[in-house]
Structure formats: C-alpha cells, structure tokens
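Grab the structure, try each task, then check the worked solution.

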Amino acid sequence: MSVHKFDPENRKKLNSKQRLSILPPAMVLTDIGLGSQTIWADIGCGTGFFTIPLANEVKQVYALDIRAEMLSDLNESLTQRQIHNVKVLQSEESRFPLPDQLVDGIITSLVLHEVEQPSEFFRELYRILQTGGRLVVIEWAKASTEMGPPIEHRLSIQQLDDWALTTGFVKTKSWQWSDNFIGIEYKRVE
Ligand SMILES: C[S@@+](CC[C@H](N)C(=O)[O-])C[C@H]1O[C@@H](n2cnc3c(N)ncnc32)[C@H](O)[C@@H]1O
C-alpha cells in the first residue's frame, strides 16, 4: 500500500488555532470518557495534541511515534509544563516497544491513513491492550474538506472496520466531529 507520511517540517500546523477549534481535544476526550486511574497509549502522538490533555486526566500515558523530531517537541512541551506521567518512546513502523496488555486505552489520531502495513499495525494495537480495553481511532472523514489530505488518501469507515474486526476487535461506538473528523471506538473483548 502506498501511503503519504506527514512531513515533520509542518509539525507546528498540528497545533494550529484552526485545528484546536474544529477538533478541541478536551471535547474529544470527554466524549471518549477516561478514568483517572487508567493507563493510555497515544500511538503516532506527533507533538502531543492529545498526549498533553490526556496526561492531565489519566494515571499514565505512553506516547509513541516513529519520528524523533515529533518526540523532541513533545519532550520540550512536557518539560515546560512539568508533566511527569508521560513516557515518550520512538517506535518502528508496526512495532511498539511495549509489553502485551499494558494499557486500558489507546488513541491513534490521524495516523492510520499513513500506516504502511495496517493489518500488522492493528495486531500491535490489539497486543498492547488489556482485555476489555478500548481503542479509539480518529481519522479524516472520507470527504473533500477545506483542510487535510486529498480524499484518495483518506480511509473509509468500512476499511477501518474491516481491519479492526479481522484483528478481533468489536466495534462499540462512533462519533463525527465537524465535517472533518470521525472517531471509532473498538474493544478488545478476549
Ligand atoms: C498527522 S500526524 C498526527 C499526530 C497526532 N496524533 C495528532 O493528532 O496531532 C501523524 C503522526 O503519525 C506518525 N506516524 C506515521 N506512521 C506511524 C507509525 N507506523 N507508527 C507510529 N507513528 C506513525 C507520524 O510521524 C506523525 O507524527
């Protein structure tokens, strides 16, 4: 599968005012519903659009990305804000340096349309989730909108469901945030 990776040169755009207004992280995290004693992973965390608000709500966050530039900005923000419950780790394309069943929840935001081997990636997501744990996928809606990648680079809900259900996940919820973003929650039940 040919994918287009986000260019780290553009990483400041990830925290733009426009994005914060159409996908407010606090609203998304409220919709997801967290728990103060839970452990989460943010896979493909970028510069921490979700990692930082997540860290303020849960016990521990593991923030993974394949690009060192992203993680370096995230580390700087964590130091500035004196946030101490985030472990930042560089990962490989479909290999997360985390043990089996470590986390209660996973967020992966605007990452799957960039992933080279989605089936392997979903298997890794499944592996690190506890039984009963939740995976929340956030993606661009497959529509032509003002911002974001061209429609042919976006993933349909059907495609995401196919990968997730084939891996063994059960679909439990979905959201649409503005015209631009969709969210799907899957659960590991065994
Ligand atoms: C569009 S950015 C989104 C960043 C962040 N999740 C957000 O919502 O702001 C996509 C991120 O996914 C990362 N990424 C792409 N493929 C990945 C993979 N296979 N594993 C982990 N991270 C990946 C990129 O390096 C980039 O930081």
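The structure holds eight aromatic pairs, where rings of Phe, Tyr and Trp (its six-membered ring) pair if their centres lie within 6.5 Å; planes under 30 degrees apart count as stacked, over 60 as edge-to-face and the rest as tilted. This is a predicted model, so local features need pLDDT of at least 70 and side-chain atom pairs count only at pLDDT 80 or more, while totals for chains, interfaces and linings use all residues. Residues are numbered from 1 along each chain as its sequence is written, and side-chain values use heavy atoms, with hydrogens and water left out.

**Exercise 1.** Work out how the rings of Phe122 and Phe169 are arranged.

*Solution.* Start with the geometry: the centres are 6.3 Å apart and the planes make 70°, an edge-to-face pair. Next, place the residues: Phe122 is in helix 5 (residues 118-128), and Phe169 is in the loop between helix 6 (157-167) and strand 6 (170-177), 47 residues apart. Helices (H or I, at least four residues) and strands (E, at least two) are DSSP runs, numbered from the N terminus. Last, check burial: Phe122 and Phe169 are both buried (under 20% relative accessible area; exposed is over 50%, partly exposed in between; 1.4 Å probe, protein chains only).

**Exercise 2.** Say why the pair of Tyr126 and Phe169 is edge-to-face.

*Solution.* The ring centres of Tyr126 and Phe169 lie 5.1 Å apart with planes at 80°, so this pair is edge-to-face. Tyr126 sits in helix 5, 43 residues from Phe169. Now zoom out: ring pairs join Phe122, Tyr126, Trp163, Phe169 and Tyr186 into a cluster.

**Exercise 3.** Locate Arg134 and Glu185, and decide: buried or exposed?

*Solution.* Their side chains meet in a salt bridge of 2.9 Å, N to O. Arg134 belongs to strand 5 (residues 129-140) and Glu185 to strand 7 (residues 181-187), 51 residues apart. Both Arg134 and Glu185 are buried.

Methods:
A salt bridge is a side-chain nitrogen of Lys or Arg within 4 Å of a carboxyl oxygen of Asp or Glu.
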